[in-house]
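Here is a short briefing on a structure. Keep the sequence and the 3D view open as you read.

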Amino acid sequence: MSASVRVIVVGAGVIGAATAYYLQTAGAEVTLFDRADVGGGTSSRSDGNVLAIDKEPGYDGVLALRSQELLAQLADDLGPFEYRAPGSYLVLDSEDELDPARSWVEQERAFGLPIRFLDRRAIHAELPDLADDVPGGLYCASDATLNPLLYTRRLIGAARERGARVRPHTPVTLKLEDGRVSGVDTLSGERCEADVTVVAAGVWTPVLTHPLSLLVPIRPRKGTLLVGARGPLHGTAKVMEFGYLMAKFGRTRSVPEEFERYGVALVYEPTASQNFLLGSSREFVGEDVTPKEPVMSLIARRALRFYPGMAHSLFIRAYAGLRPWTPDHFPLVGPVKGVPGLMLAAGHEGDGIGLAAVTGRLVADLVLHRAPVVDPGPLDPGRFTSA
Amino acid sequence: MTTKSPDQDLIICRCERVTLGALVEARRAFDVSSGRELKLVTRASMGICQGRVCHAALEALYARWFPPGRDVARPRPPARPVPFGVLPSLKGDDADG
Ligand SMILES: Cc1cc2nc3c(=O)[nH]c(=O)nc-3n(C[C@H](O)[C@H](O)[C@H](O)COP(=O)(O)OP(=O)(O)OC[C@H]3O[C@@H](n4cnc5c(N)ncnc54)[C@H](O)[C@@H]3O)c2cc1C
Ligand code: FES
C-alpha cells in the first residue's frame with residue numbers, strides 16, 4: 001500500500017504523460033510540468049507506430065511486447081486515441097535482402113513474435129499497390145498504430161481526472177538541496193517540493209541535469225515526415241522497408257550513398273483521418289526542426305520506388321522532430337545513483353510512442369517500490385552516468 | 001469576424017469540417033492551453049489548403065481564448081500542394097525515378 005508519495009514529472013510528452021498516468025492511478029500525488037504546450041515536443045512530430053517487428057530478440061523484444069500488452073489495456077481504459085492493431089509489413093528492395101529477411105523471421109519466430117515471411121506472390125497479393133519488382137516481405141501481426149498526440153492527451157486527461165495537477169507553459173529547473181533533488185523551481189520563482197522528481201524531457205533532458213554536473217548522453221536525431229492529402233490511399237496497411245531496420249541500427253545497406261547519409265528509408269503510415277505519412281530520415285544536425293529539401297526529395301524518391309502510384313498523390317505538408325537518441329538505443333529509466341530524489345525517463349529515440357506504456361508503468365513501480373513490470377537493469381541510467 | 005450569437009454548426013475549417021461547436025467542445029474536453037494544442041486535437045487548419053481559408057477565423061478565436069504568445073504554426077513547406085512526383089527533382093539531387 002502506498003501512502004501519498006508526492007511526485008513531480010518534468011515534461012508533458014508521451015513519456016511524462018504515461019508516467020503521470022501510472023503514478024497517479026497507483027495513488028501517488030502527481031504534478032506534471034511542461035515549459036510549453038502539452039505534447040508540444042517530439043511527441044507531436046512523430047509517427048504512431050507501436051512496433052515489435054523491428055526489435056532484436058531478447059530484452060529489446062520483451063520491452064516492446066510488454067508495452068503492446070499494456071497499450072491494449074490502455075485502449076480499453078482511456079478515451080479513444082485512434083488505436084488499432086492491424087499488424088505491419090516490411091518490404092524488400094532487392095533479392096539480396098531475401099536471405100537476411102528469412103533469417104530475421106526465423107530468429108523473431110524463435111523468440112515468439114507472430115511474424116511470417118511472404119514470398120513474391122504473397123506480398124503482392126496482400127499489398128497490391130506495391131511496385132512489381134518487390135521480391136518479398138515480412139508481416140508481424142501484433143504491431144499497432146495510434147495518434148501520438150491524442151494518446152498523450154488521453155493519458156494526461158485520465159491522470160488529471162484522478163487528481164493530478166497539470167501545468168503547461170511553466171518551464172522549471174531542478175532544485176538541489178543537501179545533495180538531493182527536492183523538487184523544482186519555476187521561472188517565476190515558485191518552489192515546488194516533491195519526494196521524487198522524474199525528468200521526462202526527451203532531448204532536453206541533458207539541459208535539466210547539467211546544473212547537477214550530471215552528464216546524460218542523449219542527442220537529438222532529427223526525423224522528417226511528409227504528409228499526403230486525403231484521397232485514395234495506397235493500401236491501408238502500415239509498410240516499412242526492410243532496410244529501415246538497417247538504417248535504425250546504423251548498418252550498411254545497398255542503397256545510393258545519399259540515402260545512407262540522411263538515413264532515409266521508407267515508412268508509409270495511413271492515418272485514421274484518411275491521409276498518409278511518409279518517412280523517414282535520421283540525422284544529427286542539432287535542434288533545427290525545419291524540413292530540408294534534399295531530405296524531402298530523398299524520402300519521396302524512396303516512397304516512389306516502392307509505390308510508383310504515389311507520384312500523383314498530393315504532398316501537403318512536411319515537418320520534423322527530434323528523436324532522443326542514446327548510445328545503446330535504450331532509454332535511461334530509473335533512479336540516478338548518488339542523486340537521491342531524482343529519476344530519469346528519457347532517451348527513447350524512435351520508439352517513445354511504443355515504449356511509453358512500459359516506461360510509465362516501470363517508473364511507477366520503481367517510485368512505489370513494487371515488483372517491476374520488466375527488469376530495470378538494462379535501462380539503469382548508471383550505465384552512462386558515473387556514480 | 002465576431003458574431004453576437006455564434007452558431008455552433010458554423011464551419012470554421014472547411015477542409016477538415018471543423019465547426020465552431022467542435023472547437024469549443026475540444027477546448028473544454030482536453031483542457032487545451034494554446035492554439036497549437038487545439039489545432040492538433042481538432043485538425044483545424046491541417047487540411048489540404050493548409051489553413052489558407054480558415055487561418056484568420058482561427059486566429060481570432062485563439063486570440064480570444066488563449067494568452068498572447070501561445071499561437072500556432074509557422075508556415076510549413078510546400079507553399080501549395082504539389083504531386084509527390086515532382087519532389088525527386090527538387091534541388092540537391094539527381095532524379096532517378
Ligand atoms: C519523425 C519521427 C517519427 C517517429 N516515429 C515514431 C513511431 O512511429 N513510433 C514510436 O514509438 N516513436 C516514434 N518516434 C519517436 C517518438 O516520437 C519519441 O521517442 C517520443 O515522442 C519521445 O517522447 P518524450 O516524452 O520523451 O519527449 P517529448 O515529447 O519531446 O517531451 C519532452 C517535453 O519536455 C518539455 N520540457 C523540456 N524542458 C523542460 C523544462 N525545463 N521544463 C518543463 N518542461 C520541459 C518539452 O517542452 C517537451 O514537451 C518518432 C520520432 C520522430 C522525430
Ligand atoms: S479550411 Fe482549414 S485547412 Fe483548409
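A polar contact is a pair of N or O atoms within 3.5 Å. With that cut-off in hand, look at ligand 1: one of its oxygen atoms sits 2.5 Å from an N or O atom in the side chain of A:S43. The protein covers 96% of the 1,000 Å² of accessible area that ligand 1 has on its own. Bear in mind that this is a predicted model. Its scores are ipTM 0.88 and pTM 0.95.

**Around ligand 1**

- The shell around ligand 1 holds 35 residues.
- Those that come nearest are A:D34, A:S43, A:N49, A:E349 and A:G354.
- A:D34 uses its side chain: an N or O atom there is 2.6 Å from an oxygen atom of ligand 1.
- A:T42 uses its backbone instead, with an N or O atom 2.9 Å from an oxygen atom of ligand 1.
- Four elements of chain A, namely α1 (14-25), β13, β17 and α10 (352-367), each supply at least two residues of the shell.
- Which strand gives the most to the shell? That is β17(A), with four residues.

**Strand β17 of chain A**

- Strand β17 spans residues 314-325 of chain A.
- Is this strand mostly covered or mostly open? It is mostly covered, since 11 of its 12 residues are buried.
- One partner is strand β13 (residues 219-228) of chain A.
- β13(A) and β17(A) pair in the antiparallel sense over 10 bridges.
- Within β17(A), A:L322 stands opposite A:K222.

**Chain B as a whole**

- Chain B has 97 residues, and buried residues make up 40% of them.
- Its secondary structure comes to three helices and three strands.
- Along the sequence, the pattern is β-β-α-α-α-β.
- Take the contacts in chain B between residues at least 6 apart in sequence: 55% of them join residues at least 24 apart.
- Chain B exposes about 5,600 Å².
- How confident is the predictor here, and what is the average pLDDT of chain B? The average is 85, and 81% of the residues score at least 70.
- Residues 92-97 of chain B are another matter, with a pLDDT below 50.
- Even so, that stretch has 10 contacts in the model beyond near neighbours in sequence.

- B:R43 lies in the loop between α2 (35-42) and α3 (55-65) of chain B.
- Buried or exposed? B:R43 counts as buried because its relative accessibility is 19%, and the cut-off for buried is under 20%.
- In chain A, B:R43 touches A:R230, A:S273, A:N275 and A:R317.
- In chain B, leaving out residues up to four places away in sequence, B:R43 touches B:E16, B:V18 and B:L38.
- B:R76 is 33 residues from B:R43 along the chain, and their C-alpha atoms are separated by 15 Å.

- A cis peptide bond joins A:G279 and A:S280, with omega about -10°.
- A:S280 belongs to the loop between β16 (276-279) and α9 (293-306) of chain A.
- A:H329 is not a glycine, yet its phi is positive, at about 65°.
- The loop between β17 and β18 (332-335) of chain A holds A:H329.
- A:H329 counts as partly exposed because its relative accessibility is 33%, and that class runs between 20% and 50%.
- A:E349 is another residue other than glycine with a positive phi, here near 40°.
- A:E349 is in the loop between β19 (342-346) and α10 of chain A.
- Why is A:E349 classed as buried? Its relative accessible area is 10%, and buried means under 20%.
- A:E349 is also among the residues that come nearest to ligand 1.

Notes:
Residues are numbered from 1 along each chain as its sequence is written. Chains are lettered from A and ligands numbered from 1 in the order in which they are written. This is a predicted model: local features need pLDDT of at least 70, side-chain atom pairs count only at pLDDT 80 or more; totals for chains, interfaces and linings use all residues. Side-chain values use heavy atoms; hydrogens and water are left out. Buried means under 20% relative accessible area, exposed over 50%, partly exposed in between (1.4 Å probe, protein chains only). Two strands pair if DSSP finds at least two bridges between them. pLDDT is the predictor's confidence in each residue, from 0 to 100. Contact means heavy atoms within 4.5 Å. A residue is near a molecule or strand if one of its heavy atoms lies within 4 Å of it. A polar contact is a pair of N or O atoms within 3.5 Å; within protein, one must be able to donate a hydrogen and the other to accept it, and residues adjacent in sequence count only if both atoms are side-chain atoms. Accessible areas come from the Shrake-Rupley method with a 1.4 Å probe; for residues, only the protein chains shown count as cover.
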